[in-house]
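Me: I have a structure open and want to go through some of its local features. Can you take my questions in order?

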Amino acid sequence: MSKLIKRITFTALVLVISTFIGYRAILALFPFPQEKISQIKYSKIIYDRQGNILRAFTGQNDSWIMPVNLQSINHNFSEATLSIEDKRFFKHPGVDPLAVMRAATSNLKAGKIISGASTISMQVVRLLAPKERTFFNKIIEAVHAFYLERKYSKAEILNLYFDLAPYGGNIYGVKAASMRFFQKLPYDLSLSESALLAGLPQSPSLLRPDRYPARAKKRRKQVLLSMVENSQITKNQFNKLQEEPVVAKNSSLGFNAPHFSRFIKNKYPKESYIYTTLDSNIQHFAQTKLKEVVNRLRPYGVTNGAIVVIENRTGKLRAMVGSADFFSKKDSGQINGTLSRRCPGSTLKPFSYAISFDKGLYTPAMILADVPIRYSGYKPKDYDKDYRGPVTVREALVDSLNIPAVSVTNRIGFRKLYFLMEKLGITTLDKNPNFYGLSLVLGSAEVRLLELTNAYSALARLGVYKPIQYKKDQAATGEERVISEAAAYLIADILGDQKRLAAIGIYRSKDNSPKIAFKTGTSYNHKDAWTIAYNPEYTIGIWLGNFSGKSSKALVGIEAATPLAVEIFDWLYLSQPAPWYKRPDSVGERLVCALSGEPVGKDCPHAVMSLYIKGRSIGKRCTVHRKMFVDQDKVYQVWPKELASWLRENDPSYIEPPDYLSAKGKITKSGNKPKILSPSPGCEYFITSSQASQRKLPLKAQAAYDSKQLFWFIDGKYFNKIEPGEKLFWEMEEGTHKIICSDNYGRSSEVEIKVR
């Protein structure tokens with residue numbers, strides 16, 4: 001007997017005896033490494049909503065290690081493992097004296113080491129806290145195995161083993177091994193595959209089935225033989241299974257939706273298995289189409305883009321495409337464009353209009369002034385640097401006019417827009433509201449596509465904000481109404497105008513094409529092109545541009561990004577009809593002036609039906625159309641000063657009303673009214689000559705200092721106008737006459753005379 005074998009036998013006997021005798025003393029000096037169990041860093045697996053693996057990330061020491069539970073493991077695998085590793089697992093207290101003696105006897109007979117005596121529990125201890133293989137460390141390992149058995153159940157210990165056992169290379173645990181070598185879960189392993197994996201922990205590097213199939217097959221045979229000896233399989237099964245070829249390959253666990261997967265990994269750092277809301281079908285289609293669009297625009301200097309798709313009812317994220325090509329170093333493809341801060345262009349405008357609707361200041365048909373204007377040194381300009389004069393709210397929003405949007409924001413107060421964007425989850429407004437001012441509505445702040453798309457999702461829910469849901473079974477929280485249902489409906493009705501798609505060559509069929517509301521945006525100097533589109537079910541956000549910030553004339557929202565949004569919507573509804581919004585009870589229709597959009601007045605020549613918010617929208621009658629005292633049968637258009645000035649210079653058809661308006665359209669100003677000096681009130685005047693020159697009566701009045709013109713009216717008809725101090729004569733006619741003098745502010749006096 002060699003000295004080595006004698007030493008092994010002696011060691012085995014001492015190990016068993018000393019372990020039982022010195023348990024408490026050794027445990028006191030060398031505590032069980034309890035913290036190691038809670039510190040296990042498992043691989044992180046990201047799943048889509050259907051349960052498919054999107055991506056797997058390595059765990060501790062850059063290894064593949066995945067938690068598993070006994071219920072998800074094939075029974076054949078458990079039996080095969082216990083058969084070859086620890087037959088008396090459920091009978092011993094952590095150290096198996098019979099196994100120790102049997103191993104020593106076998107080694108003595110063979111004259112060499114052919115058998116070990118480590119139990120499953122001892123192996124778990126060694127896997128938790130590896131130590132140098134010395135006699136003393138073996139005693140500590142045995143003591144810790146006893147402790148482990150007292151602290152945990154047999155099932156829990158076996159579960160830990162199946163989590164931590166080595167299976168070759170950086171693969172640990174049966175789940176990682178099953179998925180890497182056979183591309184299936186442990187529950188789905190065949191008996192042959194179970195036996196193959198069960199034998200690997202003995203010498204994982206030398207038995208790897210993907211590299212050494214012959215060795216793995218030989219080891220499998222040993223496992224199957226042990227199962228025959230333990231009556232777990234029959235001899236016939238053994239004969240059949242041992243001849244099966246070894247078919248195993250170390251394959252990747254998946255690399256799909258890489259930006260989203262990395263985002264989820266960082267968002268939930270403590271979770272190993274994360275079942276997400278991502279829909280791989282939508283993700284794949286969006287990714288494919290984005291790449292096509294970017295490749296088409298690449299000759300024009302556009303290299304990247306990003307897409308977000310949110311399901312409105314649940315708030316669940318269905319797609320996140322961070323770039324056109326994740327693997328492109330040249331285009332910085334690993335940057336997640338959905339999270340990048342970019343200038344949003346005109347995409348914030350609908351929110352200002354929604355606030356104005358809620359405050360009752362405007363309705364879609366009302367008029368805004370698209371004319372040059374200045375706000376404390378700030379002078380906004382339209383995208384095309386042109387002016388359109390009077391435009392409806394609907395036209396201003398559909399055509400994305402800057403000046404009307406700034407005018408609306410000025411009226412509601414830019415802080416209202418700022419705080420609404422915060423409520424809608426925009427986290428990039430990191431400066432004081434005054435820093436952005438009125439230019440906020442034109443895109444002076446930066447936003448993230450992910451957050452902006454979710455803000456629009458609130459519009460799509462007719463005013464209800466929900467945080468984005470990323471996990472499949474995550475409970476919805478934080479729901480809040482931030483815009484009235486009526487205001488959000490009016491925005492959807494405006495942005496749902498499909499006719500503007502024809503301008504870019506997209507013609508929609510009412511029967512077959514899904515109706516969408518959409519808003520575009522183009523940032524300053526053509527660095528970003530946006531389109532956010534929605535219907536009741538989905539909101540889709542598109543950004544196109546360059547991560548370097550390089551500009552391109554091709555980066556125009558409606559031309560570059562909108563066709564892509566339309567294509568995704570069309571794909572979503574290939575086999576089903578698309579929904580649209582039902583008008584809520586809080587939105588009504590009323591007659592309004594066809595020109596001003598205000599409730600129709602007595603003098604309005606034409607009226608149309610228009611939407612408004614019941615009990616909230618402004619109810620003031622049309623103030624644009626007014627009859628003049630000058631001519632009772634003529635209706636003039638009386639516009640606000642800034643519009644009147646623009647029309648006077650730019651619209652040849654514009655007829656400027658007289659400066660004086662009668663009581664049916666009065667302009668008033670405090671101050672002294674004109675005092676008629678001639679004729680005198682109540683006097684009688686006589687015609688003494690047939691000559692016209694002898695029949696003239698002087699009209700004189702004393703005017704206030706601020707009066708610029710005096711208007712004279714005889715018997716209700718306009719006679720003439722003069723400047724204060726000028727002379728005016730009226731050729732008298734027999735009868736009783738009422739003479740009125742009014743200045744340009746509408747202040748007037750009258751006298752009544754008789755002429756004989």
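Predicted model: local features only at pLDDT ≥ 70, side-chain atom pairs only at ≥ 80, totals over all residues.

Me: Start with helix 15 and helix 21. At what angle do they pack?

Reply: Helix 15 (residues 349-358) and helix 21 (residues 485-495) pack at about 135°, and their axes are 9 Å apart. That angle makes helix 15 oblique to helix 21. Angles under 35 degrees count as roughly parallel, over 145 as roughly antiparallel, 65 to 115 as roughly perpendicular and the rest as oblique. Axes are lines fitted to C-alpha atoms, for helices over the stretch in contact, and angles run from 0 to 180 degrees between N-to-C directions. Helices (H or I, at least four residues) and strands (E, at least two) are DSSP runs, numbered from the N terminus.

Me: Which residues make that contact?

Reply: Helix 15 contributes Pro350, Tyr353, Ala354, Phe357 and Asp358, and helix 21 contributes Ala487, Leu490, Ile491, Ile494 and Leu495. Contact means heavy atoms within 4.5 Å. By class there are 9 nonpolar, no polar and 1 charged. Here Ala, Val, Leu, Ile, Met, Phe, Trp, Tyr, Cys and Pro count as nonpolar, Asp, Glu, Lys and Arg as charged, and the others, Gly among them, as polar.

Me: And helix 6 with helix 8, at what angle do they cross?

Reply: The axes of helix 6 (residues 120-128) and helix 8 (residues 154-164) cross at roughly 50° and come within 9 Å. Helix 6 and helix 8 are therefore oblique to each other. On the helix 6 side the contact is made by Ile120, Ser121, Gln123, Val124, Leu127 and Leu128, and on the helix 8 side by Ile157, Leu158, Leu160, Tyr161 and Leu164. That contact has 9 nonpolar, 2 polar and no charged residues.

Me: Strand 14 next. Why is it called largely enclosed?

Reply: Because 6 of the 6 residues of strand 14 (residues 517-522) are buried. Ala517, Lys519 and Gly521 are on one side, Phe518, Thr520 and Thr522 on the other, and both faces are covered.

Me: What does strand 14 pair with?

Reply: Strand 14 is joined by 6 bridges to strand 15 (residues 528-534), and the two run antiparallel. Two strands pair if DSSP finds at least two bridges between them. Thr520 stands opposite Thr531 in strand 15. The hairpin has 5 residues between the strands, and Asn525 there takes a positive phi near 65°.

Me: What is the strand order in the open sheet of 5 strands?

Reply: The order is 22-29-28-25-26, with mixed pairing. Strand 22 (684-685) and strand 26 (717-722) stand at the edges, each with a single partner strand, so one side of each is left without a neighbour in the sheet. Strand 28 (residues 735-743) and strand 29 (residues 748-755) pair in the antiparallel sense over 8 bridges, and His737 stands opposite Ile753 in strand 29.

Me: Which peptide bond is cis at Pro679?

Reply: The one from Ser678 to Pro679, with omega near 5°. Pro679 sits in the loop between strand 21 (675-678) and strand 22.

Me: Asp62 and Ala257: buried or exposed?

Reply: Asp62 counts as exposed at 52% relative accessibility, whereas Ala257 counts as buried at 9%. Phi of Asp62 is near 55°, a positive value in a residue other than glycine, and phi of Ala257 is near 45°, also positive. Asp62 is in the loop between strand 2 (53-57) and strand 3 (64-65). Ala257 is in the loop between helix 12 (235-241) and helix 13 (258-267).

Me: Last one: where is Lys240?

Reply: Lys240 is in helix 12 and is exposed, with a relative accessible area of 64%.

Key:
Residues numbered from 1 in each chain as written. Heavy atoms only, no water. Buried < 20%, exposed > 50% of the residue type's maximum accessible area, 1.4 Å probe, protein only.
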